[in-house]
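Here's a quick briefing to read alongside the coordinates. Have a look at the fold before going through the notes.

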Amino acid sequence: MTISFETLREASTPAEARAALGEFLGLDAPVPAGVLGHAFADQYYRHNLILSRNRPELLQRLLKHPRNVEFEAAAEDEAAEAAAAGGREESTARLGAKAGLALYAWAKSGFAMLDQEAFEARFAACEGCDQLRAPPEKWIYKLTASKRGDPRVCGACGCVAARKARLASESCPLADPADPALTRWGEPVRPKAPAGQ
């Protein structure tokens, strides 16, 4: 059974993100949590993982990469903290799932990046938005922190705004208050897929 790409973009659990990446890689099962975390945090690992789709021996080596254990442990620690906090940290799991789905969407787009002018227009809108803020103290942001680039996140979706604004496959989650048919980036609002497709 093929999972609808638009339905995957709307998924909100780490299990769905792992399944999406597993399907993209041609696996019969979801990728382990450590693979998803590693792919999200390390652009070189992510690049090699995606390039290995049609090379089973290389793909298996990457799926067994020793660093995957670090990301598996980080996800377990976060789940334990969330349980101790009465589930208030659930958004971290959703962020991981959304990151995996964004990776999947970006791969499906052929890794399309915006040119500098289009990126600057998008990010200028982010900088003028009331939702732009410092990243929360969560492991997912620590894993993906970069010495380069703006670390601020969108309060509406939780994404690192500068990274999201670069990807052609992404869109702003908020409608423009002056024109609800457009996002705050000034682009047409993307319709949501009907349930079950």
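Is F119 buried or exposed? F119 is buried, since its relative accessibility is 8%, and the cut-off for that label is under 20%. Keep in mind that this is a predicted model, so the confidence notes below are worth a read before you zoom in on side chains.

**Overall layout**
- You're looking at a chain with 10 helices and four strands.
- Going from the N terminus, the order is α-α-α-α-α-α-α-α-β-α-β-α-β-β.
- The chain has 197 residues, and 36% of them count as buried.
- Among contacts with a separation of 6 or more, 54% come from residues 24 or more positions apart.

- Average pLDDT for the chain is 78, with 73% of the residues scoring at least 70.
- Helix α8 has the highest confidence in the chain, at 96, while helix α1 (residues 5-10) has the lowest, at a mean of 41.
- Residues 1-11 stay under 50 in pLDDT, and the model gives them 23 contacts beyond four places in sequence.
- Residues 193-197 also stay under 50, and for them the model has four contacts beyond four places in sequence.

**Aromatic pairs**
- Two numbers describe a pair of aromatic rings: the distance of the centres and the angle of the planes.
- With ring centres counted as paired within 6.5 Å, the tally is two aromatic pairs.
- One of them is W106 with F111: the ring centres are 4.9 Å apart and the planes sit at 90 degrees, so this pair is edge-to-face.
- W106 counts as buried at 16% relative accessibility, whereas F111 is partly exposed at 32%.
- The other pair is F119 with F123, whose ring centres are 5.8 Å apart and whose planes are at 10 degrees, so these two are stacked.
- F119 and F123 are both in helix α8 (residues 116-127), and because they are four residues apart there, about one helical turn separates them.
- F123 counts as buried too, at 9% relative accessibility.

**Charges over rings**
- What sits over the ring of F119? That's the charged end of R166, 3.8 Å from the ring centre.
- So F119 has a stacked partner in F123 and a charge over its ring from R166.
- R53 lies over the face of F24, at 4.0 Å from the centre of that ring.

**Where α3 meets α4**
- Packed helices are described by the angle between their axes and the distance between the axes.
- Helix α3 (residues 33-41) and helix α4 (residues 43-51) have axes that come within 5 Å and cross at roughly 115 degrees.
- On the α3 side the contact involves V35, H38, A39, F40 and A41, and on the α4 side Q43, Y45, R46 and L49.
- Sorted by class, that contact has six nonpolar, two polar and one charged residues.

- F111, from the edge-to-face pair with W106, lies in the loop between α7 (90-108) and α8.
- Most residues other than glycine have a negative phi. For F111, though, phi is positive, near 60 degrees.
- L27 is in the loop between α2 (14-24) and α3, and counts as partly exposed at 22% relative accessibility.
- Beyond its neighbours within four places in sequence, L27 is in contact with G22, L59, Q60 and L63.
- P188 lies in the segment after β4 (179-183), and is exposed, with a relative accessible area of 59%.
- Which residues does P188 contact, leaving aside its neighbours within four places in sequence? They are A181, L182 and T183.
- P188 and S171 are 17 residues apart along the chain, and their C-alpha atoms are separated by 8.9 Å.

How values were computed. Residues are numbered from 1 along each chain as its sequence is written. This is a predicted model: local features need pLDDT of at least 70, side-chain atom pairs count only at pLDDT 80 or more; totals for chains, interfaces and linings use all residues. Side-chain values use heavy atoms; hydrogens and water are left out. Rings of Phe, Tyr and Trp (its six-membered ring) pair if their centres lie within 6.5 Å; planes under 30 degrees apart count as stacked, over 60 as edge-to-face and the rest as tilted. Buried means under 20% relative accessible area, exposed over 50%, partly exposed in between (1.4 Å probe, protein chains only). Helices (H or I, at least four residues) and strands (E, at least two) are DSSP runs, numbered from the N terminus. A charge sits over a ring if NZ of Lys or CZ of Arg is within 6 Å of the ring centre and within 35 degrees of the ring normal. Axes are lines fitted to C-alpha atoms, for helices over the stretch in contact, and angles run from 0 to 180 degrees between N-to-C directions. Contact means heavy atoms within 4.5 Å. Ala, Val, Leu, Ile, Met, Phe, Trp, Tyr, Cys and Pro count as nonpolar, Asp, Glu, Lys and Arg as charged, and the others, Gly among them, as polar. pLDDT is the predictor's confidence in each residue, from 0 to 100.
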